[in-house]
Amino acid sequence: MHVRILGILAAAALLAACSSTPEEVAELKGAGGAQPAPAAQAAPPTQQAMRPAEVTAAGELAQIGDRVLYETDQATLTPTARGTVEKQAAWMKKYPRVTVTIEGHCDERGTREYNLALGERRAIAVKNYLVSLGVEAARIKTISYGKERPAVVGSNEQAWSQNRRGVTVVN
Amino acid sequence: MITTPIFFESPLPLREGGTGRGQRAALRANEATKDEEQVILDRTAYAVDMMPGGRKPLPLTPSRKGRGDGMNIARRVVGGLFVAALLLGASPARAELRIDITKGNVEPMPIAVTAFFGKEGQAQNVGRDMAQVVSADLERSGLFKPIDPRAFIQTPDQLQTQPRFADWRALNAQALVTGAAEVQPDGRLKIEFRLWDALAEQQMVGLAYFTVPQNWRRVAHIIADQVYKRITGEDGYFDTRIVYVSENGPQNRRIKRLAIMDQDGANHRFLTDGSALVLTPRFSPTTQDITYLSYFNGQPRVYIFNIDTGQQEVLGDFPGMTFAPRFSPDGNSVIMSLSTDGNSEIYAMDLRTRLVKRLTNHPAIDTSPSLSPDGRQIVFNSDRGGTQQLYVMDSDGRDVRRISGFGSSKGRYATPVWSPRGDLIAFTKIDGGTFYIGVMRPDGSGERLLSQSFLDEGPTWAPNGRVLMFFRQTQAAPDGKGATSRLHSIDLTGYNLREVVTPADGSDPAWSPLIP
């Protein structure tokens, strides 16, 4: 339990840090027990810089799910993805001061420039659905990383399915 | 015939910390005198009077046409550097020695590239090193097979008078390259080289260059280009550079830096420090500029980087992502994708006025534009038909037509690049989990796939339109590790696939034009 809480705190701290990536969150959640040292090192300095509300908000986002996954070469939200975004919309209404960036990502099985466009389309799909659910558009930025920042390193369908994603990151 | 204008600036324009403006100004001054220089070269080239099988040593300076010595060697101060080209012309009759490179796989021509004779010290070392650079260039083209120098019978100094052609024929050499390097009283190097037809016993090319010593590598590439051109009839591509993205670190936290090197891997240096993600660099056809995508400050934007000055400049300040930049053939504009309203469209930006013009207007993805060399048409990538395919439109955005993915041709097509000759479009094709580099005609006919692997992507043309470079990423092991990304080159015929060696992993190569 301690490990879990530490993991979430560390995740929240990392989310808040501008350079953070959701991959790091996933790694910490997955390997928190095995690698306590990096989490312990990472958490204290950033925690001090964070307001408690943001820590709570980011922690909650990690629990409800910060990401949606896409089919190959698609930017359409699946029913599962829509469910996740609906929870994110409720979360954003609960924390009206929080602003987010939606990162659009692709797997490595496409070409670079097309994937940049596809990643953006994926990020926009999440943003548009959040807006349609009543979240102010001004609180949502989007950015595409194309195939540049995979969540899971690997050349197999399991990795690719995790990398075709839209990730909501607290600014 | 042989004297394409030979022009090289003082040391490769690669020096760190040069006075940028001054260098640019000097470059322009050079260009301004080019035509004049060419005239002089043409006038001074002359045929050496030599009977087939003759044994007379070749006079380097005396003119047989009654002109003074001063006319034989055209000298000119250019930016503080003497540039001179000589003279010793080819025999007026076209030699038979020739490689026809339009016929697919050719048997490489055996060629002997001898150390350029130098009397001592610096000249000797440069002469030896230059021959190695020339030999390596020719070998990499796949069209020549340099003969092992250990088999050579005649020595470089013996060759200064006249080749004993029988000695070279005994080694099966069809062509022979000889040369000499000499330090001038003012410290410059004089480099002479001659290309010989070993069977016809004739000189095919004879040229001399004066240059600052640190420029020797570049002169070696220019000489290799001369040999290539004389024997294949096509322009060479050795006096060129490659800009690409150097990669380090794990795939999910990859550090990417712009890097530049000579086409043979020499003079490698980094242009950016890796703090910002950079992608897809492309050369200007006319200036020392590169356009590329950078995530500087977390904003994916198109930038222009000046190789001479190191200065970077964002191309316009637009609300959304700007990406997929490429220069127009005249260098006056950049075409790229903008996604101001969340959907990528193709725009052209005039680099003088900085005004942009929208060329596509479609809810689909429109990206990767590439202009034809005449500037009249643009090939680009779009999924407006449901899948990723290639389209051609007029440069004003009219008359869009699809050119890929018809009939039985399945798969997705991407990264179209118009050949510098205009006759072909190179692309990446993805079909059934395999990536291919291929070419097709601008109307979509005549598709040929040249390479295939787990991931081949992003072709770029050598300036002569004969060779393509791309990057090849290998499949990671089940534990996610072990994937590599390397640059490769391949001949337009689909032969001569080679890795282009870089210090670390590499991707997104872009071939420069011939260096002005």
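A crossing of two helices is called right-handed if the near helix is turned clockwise from the far one by less than a right angle. Keep that in mind as we walk through this predicted model.

Let's begin with the whole chain. Chain A contains seven helices and four strands. Along the sequence, these elements follow the pattern α-α-α-α-β-α-β-α-β-α-β. Of the 171 residues in chain A, 54% are buried. Among contacts in chain A with a separation of 6 or more, 75% join residues 24 or more positions apart.

Now for a pair of helices. Two packed helices are described by the angle between their axes and the distance between the axes. How do helix 5 and helix 6 of chain A cross, at what angle and within what distance? Their axes come within 9 Å and cross at roughly 55°. Helix 5 of chain A passes helix 6 of chain A in a right-handed crossing.

Here are the residues that make the contact:

| Helix of chain A | Residue range | Contact residues |
|---|---|---|
| Helix 5 | residues 79-94 | R82(A), V85(A), E86(A), Q88(A), A89(A), M92(A) |
| Helix 6 | residues 112-132 | V126(A), Y129(A), L130(A) |

Sorted by class, this contact of helix 5 with helix 6 has six nonpolar, one polar and two charged residues.

How values were computed. Residues are numbered from 1 along each chain as its sequence is written. Chains are lettered from A and ligands numbered from 1 in the order in which they are written. This is a predicted model: local features need pLDDT of at least 70, side-chain atom pairs count only at pLDDT 80 or more; totals for chains, interfaces and linings use all residues. Side-chain values use heavy atoms; hydrogens and water are left out. Axes are lines fitted to C-alpha atoms, for helices over the stretch in contact, and angles run from 0 to 180 degrees between N-to-C directions. Helices (H or I, at least four residues) and strands (E, at least two) are DSSP runs, numbered from the N terminus. Contact means heavy atoms within 4.5 Å. Ala, Val, Leu, Ile, Met, Phe, Trp, Tyr, Cys and Pro count as nonpolar, Asp, Glu, Lys and Arg as charged, and the others, Gly among them, as polar. Buried means under 20% relative accessible area, exposed over 50%, partly exposed in between (1.4 Å probe, protein chains only).
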